[in-house]
Amino acid sequence: MIIIGKLLLFIIFIIVMACILNKGVRLISRKIGDSTNFNWNNIFYENKVFNSLSHFFTFFISYILINPFFNEYKNAIIYISKIFDILFVLIMLQFLIRVINSIMKIATNENNHQTIAVRSFSQLLKIVSVIFCFLIIIAILTKNNLTTIFTSLGAITAILILVFRDVILGFVSGVQMAFTKMIKVGDWVGIHKYKVEGTIKEINLISAEIENFDKTITIVPTYDLISTAITNFEVMKRKNIRRIKRSILFDIRSFHFCNASILKKFDEIQLIKNYIQEKEREIEMINQNQFIKNSFLKKMNLTNIELFRQYALSYLYQHPKISNKEVLMVRNLEPTPYGLPVEFYCFAITSESIRYEKIQSSVFDHLLTAAKEFNLLVTQITSNQN
């Protein structure tokens, strides 16, 4: 009973001393932080690093008092010393994890490529620290040295590699992304493998969190960010442009040559006036060539689909919200059983989705309406419903 009473008294003493030292260390650290205005000091304070530091003082004083306090109980000293050895390992682990969390917060205050490497490395360091401390505790309990423990682990290395496969791949992926500057938190990406498109919210050692545009969250393995096909839209966002690539399907039966009266009507449209005049000059040069005898070649032979393509091209070039510095073209695609697709390829001067959709809708509203002026029929494919 005496030993139990002493043990309870010793525990109460440790708790009281821990509270006093904890308050003292926190007070001193807060005063130092207020006087120096160091950001890292505030982060250490928020992550309770100084609390763990006070535990070291408590542990050290208590460890010294074990022998004087239990000098009559040799066996008790052995067991209590072993408990304190384990506590020291746990306190050290707590201190390391809090320091790593603080350093990670200091080093990752901005979303950049180095952030991924810091996070991956810090998370790997925490895992290694936990494993190492666990092995030390095993060594304390079994009275074996660490060399013997590590030798025993060598036999199950393959199993450990299999267990920590995702951790290893995630760490390698994080380092590779940091050095190649492929992807970072905040990037707008699309992953074709998972049919995902959204913004990366977090990249950690094992997984990456992507917020889709419908506000759902998709979690993918970190190593998939470098091992699968991914579209990164950040370059487009930085240039503030976005591609428009769509086609209109026309009924080929509505295509025809333009006679003089039709050309006179189109000649009043400013967007294709110069094009028609240029074609007229080409025909005049052909007619002046005595070697050209084919009457078909001596005619202009402009088609309504050709004039519409030129009209669309001029319209896009003059559109204030379409970039002239990027690729801009209107072309025929391969004919299909349903008609001839005409593709419009250009870049809107914005990367913001709502503005982009408004520009794209406005362009195609105009082109679909303008097609009627050229007597072109847009194919509308319908299906019979029961």
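Tutor: Asn 375 counts as partly exposed because its relative accessibility is 42%. Partly exposed is the range between buried, under 20% relative accessible area, and exposed, over 50%, with a 1.4 Å probe and protein chains only. Asn 375 sits in the segment after helix H14, which spans 353–373. Helices are DSSP runs of H or I with at least four residues, strands are runs of E with at least two, and both are numbered from the N terminus. The phi of Asn 375 is positive, near 60°, and the residue is not a glycine. Most residues other than glycine have a negative phi.

Some ground rules come next. This is a predicted model, in which local features need pLDDT of at least 70, side-chain atom pairs count only at pLDDT 80 or more, and totals for chains, interfaces and linings use all residues.

Asn 240 is partly exposed, since its relative accessibility is 35%.

Now follow Asn 240 to Thr 350. Leaving out residues up to four places away in sequence, Thr 350 touches Asn 240, Ile 241, Arg 242, Arg 355, Tyr 356 and Ile 359. Touching, or contact, means heavy atoms within 4.5 Å. Thr 350 belongs to the loop between E8 and H14. With 0% relative accessibility, Thr 350 counts as buried. Lys 237 is 113 residues away from Thr 350 along the chain, yet their C-alpha atoms are 8.0 Å apart.

H10, E6 and H14 come together again at a pocket. Each of them supplies at least two lining residues to the second largest pocket. A pocket is found on a 1 Å grid over the protein atoms alone: it is an open set of points where a 1.4 Å probe fits, with protein on both sides within 12 Å along at least five of seven lines, and lining residues have an atom within 4 Å of a point. The volume of this second largest pocket is about 350 Å³. Volume here is the space filled by probe spheres set on the points, with grid points joined across faces, edges and corners. The lining has 16 residues, and Phe 233, Met 236, Arg 242, Arg 243 and Phe 347 are nearest the centre. E6 gives the largest share, five residues. By class, the lining holds seven nonpolar, two polar and seven charged residues. Nonpolar covers Ala, Val, Leu, Ile, Met, Phe, Trp, Tyr, Cys and Pro; charged covers Asp, Glu, Lys and Arg; the others, including Gly, are polar.

Take Leu 307. Beyond its neighbours within four places in sequence, Leu 307 contacts Cys 258, Leu 263, Phe 266, Ile 272, Tyr 275, Ile 276, Leu 302 and Phe 374.

Lys 273 is partly exposed, as its relative accessible area is 27%.

Finally, the whole chain. It has 14 helices and eight strands. Of its 386 residues, 37% are buried. Among contacts with a separation of 6 or more, 66% join residues 24 or more positions apart.

Notes
Residues numbered from 1 in each chain as written. Heavy atoms only, no water.
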